[in-house]
Amino acid sequence: MSDAGEKSRIEGGEAPLVPIYIMGSKHDVPDTLTIQKALEYAGYQLIRGCGCRGGICGACGTVYRFPDSPKIEVGLACQTVVQPNMYITQIPFFPANKTAYDIDEVKPAGEEVIKLYPELLKCMGCNTCTKSCPMDIEVMEYISAAIRGDIARAAELSFSCVMCGLCASRCPAELCQYNIAILCRRLYGKHIVPRAQHTIDKVKKIEEGYFDKALKELMETDRKGLEKLYTDRENEPEMADEYWEPSDKTYL
Amino acid sequence: MGYTPELKNLIKIVEKTRPERVERKKRGEEMPALSLAEREERLRKYHPDFIEGNRREITLGPSKGYAISKEIVDLLEAKSRYEPDDINLSEVDYETDVLIIGGGGAGTAAALLAQEHGAKVLIVTKLRHGDANTMMAEGGIQAADKGDKDSPYYHYLDVMGGGHFVNDPELVKTLVTEAPKVLEWFDRLGMMFDKLPDGRFYSLHGGGTCRKRMHAAGDISGAEIMRTLRDEARNRKKDITVLEFSPAVDLILNEHGHCAGALLYNLETKEYHTVKAKAVIIATGGSGRLHIQNSMTTNHYGATGDGLIMGYRAGVKLCFLHTVQYHPTGAIFPEQAEGLLITEKVRGAGANVVNIDGEQFVYEREPRDVESASFIRECTDVGKGIPVSGGKWGVWLDSPMIDMLSGPGTVEKELPGKLILFKRYGIDISKEPMLVYPTLHYQNGGLEYDSKGETCVPGLFVAGEVGGGVHGENRLMGNSLLDINVFGRIAGVSAAVYAGEKAKEGKLTLDHIRDYNKEVDKVGVGPAKVAPMLLPDYSNPEVRKRQITACYEGTLR
């Protein structure tokens, strides 16, 4: 029931061992492992600090540094390969401030965002958030944009955020950057970008029952008939532009 | 870091054939797609589903005799993690209108709609709220919402063709007609999907689609959906409570045979807790972490098929579990990224798949099962795969074509997540191709349910990957994010209405578990011993040998 690939890596194969320090304790682990797999190799069973194992869920924010180095380094445990002598700790949870709001009511303006997150004004521009981001996001830039009321810029700059919380854990002004970011993204998506009119139109047509008859016929078609309709259906060419139209419009 | 000198040399061959392939693409010349008969033959010969000895018949329960992956059968033939007699059902720890098991996309969509229909909701989830396969979905979501070129009619045909024409027609009709409503909902919630300046959704092709109807948010479409739904659920915390690190391990029924709650196991304090509910939705997702046939997987850490076990013990049949989906393009290099999902959007945006000689060998937009089987064929019988360390093979996914076709910066704009991820490993995917191989990705089938989300057990509803029928024997890309939203929303409404109007009070019982455990004893307890699994076993065997006083219950210490 266990994964052969996963196992072979846990066992380490022929990879040379390097020392790492998990919360201060020394373990020798194969140098090909990610921090996450190194923890498992060392004997930990992960419950906290492990989610998608693919770099997108934000469960495994990790802080590390090297002896005598002045620099605090950050990474996602599932994406960062071990290096000799790294001192590691995971930050699987950090308390965060999240304000409840009604997305229909809040306007996409700086003062509205500040009303929901007044601590925004405490930002002193130290840039520690940006240095703490494992996704290389310009965190301080989007915070500045939010304060200025440039919601679109705050949304775009923060788009790749995985909400791991490392920024919030290190902010001397006690901001929760990632919750401010998702507010800005939703305000942008909801109130600044124009709505998709074609989608609204299609929903209306569906609700009026416009496609009911054609779909009912399809549902009653036998396998042979369906195979023929499927094989003969008109394909939109790969490189067709947005406004391509099919020659047969019977079922549109 | 980056590619080895040997692989760098092989990339030169890909670079040599690239300009001509780009020109062909620009002229609209594609490899011919396989006919239905050719598809069938390719699957039979090369798809892992057809490997002898992979499936085995279930020996007990409502789908006795049905042959499915043996890794799932092992768990179905296991007992409960606890002794039912040790559970005191007269003490209820949590009470709610609607209990939702699973805090991924389907569960959260269900929670929002149930709340809108007046229900108090409790979401229980194994890891954190949002730690789910939804978060990892990349390429996008299908919806036939462009009136001048597409309609639910064509979406229906594509879904049926991809699923080998055996899908449940009613479920498919629901999927395709609800799809535009989901996109309209996303717009209202403020999700940042890719759009043209006038607000029109930008859309691409996917494998097996006849119209460009894949809507995406960069290459993190699932994350955009998941984090927005979760944010909205948190805005409604008055009515929606979330319990994390508390997976359900069994359903609780009542004396009328209706579903009336669940038993939870707190992964941190090791306590069991009871939940009493008027209606229950299973939205536990898939089972990639069972590593069927020892395959690497794209799935998240908690995808161990728990919902299948719980639902089956309560009497719900299984369907379409005899096929398993392998995503054609899982990363196979570097080793640290192995199994990592490379979105189908890469092919949708124009990248070829090529062999060691830099030649195309398959049409890039075949349905996933056919595409995967073709990669396996190229690496085995044809012998033109690219050797990777550890005796593995891969094929090239030629991502640099995208910038050549659509202008410099397109990879950065369309695939920002993958670009940064591979950069960490010293590979620039806008300039170098990726090495990929089919990877365990999706549970095509699951618990039987209908277009209202109902199961044969009153009060028990199903939504998302844990259910079976809508995708037939093979799901198309972009229909999973759609499935979880369509059927999540429907299950939420159905459960709230049921809780308000039909739920019948009654004495709680785990007798169905007692009976099931007895059946397990009769057929012989399988190798899994206890189920659901909850978390996969990645323990280090050397360490384990020294843990002489540690106690493992299944895979959990």
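Trainee: Okay, which domains does chain A have?
Mentor: Chain A is assigned domain 1 (10-90), domain 2 (110-192) and domain 3 (197-229); those bounds come from an automatic or database domain assignment. Keep in mind that this is a predicted model, where local features need pLDDT of at least 70, side-chain atom pairs count only at pLDDT 80 or more, and totals for chains, interfaces and linings use all residues. Residues are numbered from 1 along each chain as its sequence is written, while chains are lettered from A and ligands numbered from 1 in the order in which they are written.

Trainee: What separates the centres of domain 1 and domain 3 of chain A?
Mentor: Taken over C-alpha atoms, those two centres are 52 Å apart.

Trainee: And how many residues does each chain put into the contact?
Mentor: Chain B gives 87 residues and chain A gives 79 residues. Two residues are in contact if their C-beta atoms, placed from the backbone, lie within 7 Å.

Trainee: Which helix of chain B supplies the largest share of its side?
Mentor: Helix 7 of chain B, with nine residues. Helices here are DSSP runs of H or I with at least four residues, strands are runs of E with at least two, and both are numbered from the N terminus.

Trainee: At what angle do helix 9 of chain A and helix 7 of chain B pack?
Mentor: About 140 degrees, with the axes 9 Å apart. Axes are lines fitted to C-alpha atoms, for helices over the stretch in contact, and angles run from 0 to 180 degrees between N-to-C directions. So helix 9 of chain A is oblique to helix 7 of chain B; under 35 degrees counts as roughly parallel, over 145 as roughly antiparallel, 65 to 115 as roughly perpendicular and the rest as oblique.

Trainee: Which residues meet there?
Mentor: From helix 9 of chain A, they include A:Thr199 and A:Ile206, and from helix 7 of chain B, B:Pro180 and B:Glu184 are among them. By class, this contact has five nonpolar, two polar and four charged residues.

Trainee: New topic: what's the strand order in the open sheet of chain B?
Mentor: The order is 12-18-20, with mixed pairing; strands pair if DSSP finds at least two bridges between them.

Notes:
Ala, Val, Leu, Ile, Met, Phe, Trp, Tyr, Cys and Pro count as nonpolar, Asp, Glu, Lys and Arg as charged, and the others, Gly among them, as polar.
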